Amino acid sequence: MLDAVQDKVRIFLRGFAVMSDPVAVREKGHALIAKFPDDEIVKVAALLTAHNPLFLPDFGNVAGLKASQDQFMDWVMRLK
C-alpha cells in the first residue's frame with residue numbers, strides 16, 4: 001500500500017521536501033511519477049504533494065484514474 005511506495009521513494013523525498021524552485025519541483029516530481037506503474041501513480045503523487053506543497057501533479061486526462069472505495073475512504077480520512 002502507501003508504505004511500500006513510500007519505502008521506494010524515501011531517499012528521493014528527503015531532497016524533494018526542501019526544493020524551492022517550482023520548475024525543478026514539477027520536473028523532478030513528474031520524472032519520478034513516470035517511473036511507477038499506473039496503479040501506484042496516485043500514491044506517489046500524494047506523497048510528493050505531502051512532502052513539498054509546491055508540487056501539483058498534472059495527470060492530464062483524469063478519466064483514466066480510478067480509486068477503489070477503500071482508497072477513497074483512506075483519502076477522505078487523511079483530509080480530516
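Student: Among contacts between residues at least 6 apart in sequence, what share joins residues at least 24 apart?
Tutor: In the protein chain that share is 57%, where a contact means heavy atoms within 4.5 Å. This is a predicted model, in which local features need pLDDT of at least 70, side-chain atom pairs count only at pLDDT 80 or more, and totals for chains, interfaces and linings use all residues. Residues are numbered from 1 along each chain as its sequence is written, and side-chain values use heavy atoms, with hydrogens and water left out.

Student: How many helices and strands?
Tutor: The protein chain has 4 helices and 0 strands, in the order α-α-α-α along the sequence. Helices (H or I, at least four residues) and strands (E, at least two) are DSSP runs, numbered from the N terminus.

Student: How do α2 and α3 pack?
Tutor: Helix α2 spans residues 22-33 and helix α3 residues 41-51; they pack at an angle of about 150°, with axes 10 Å apart. Axes are lines fitted to C-alpha atoms, for helices over the stretch in contact, and angles run from 0 to 180 degrees between N-to-C directions.

Student: Roughly parallel or roughly antiparallel?
Tutor: α2 and α3 are roughly antiparallel to each other. Angles under 35 degrees count as roughly parallel, over 145 as roughly antiparallel, 65 to 115 as roughly perpendicular and the rest as oblique.

Student: Which residues make the contact?
Tutor: On α2, G29, L32 and I33; on α3, I41, V44, A45 and L48. By class, the contact of α2 with α3 has 6 nonpolar residues, 1 polar and no charged ones. Here Ala, Val, Leu, Ile, Met, Phe, Trp, Tyr, Cys and Pro count as nonpolar, Asp, Glu, Lys and Arg as charged, and the others, Gly among them, as polar.

Student: Where is E40?
Tutor: E40 is in the loop between α2 and α3.

Student: Is that residue, E40, buried or exposed?
Tutor: E40 counts as buried, because its relative accessibility is 13%. Buried means under 20% relative accessible area, exposed over 50%, and partly exposed in between (1.4 Å probe, protein chains only). Leaving aside residues up to four places away in sequence, E40 touches V5 and K8.

Student: Back to α2. What about R26?
Tutor: R26 is in helix α2 and is partly exposed at 43% relative accessibility. The C-alpha atoms of R26 and P57 are separated by 7.6 Å, with the two residues 31 apart along the chain.

Student: And V23, where is that?
Tutor: V23 is also found in helix α2. V23 has a relative accessible area of 38%, so it is partly exposed. Its C-alpha atom is separated by 9.2 Å from that of L54, 31 residues apart along the chain.

Student: What percentage of the whole chain counts as buried?
Tutor: Of the 80 residues of the protein chain, 22% count as buried.
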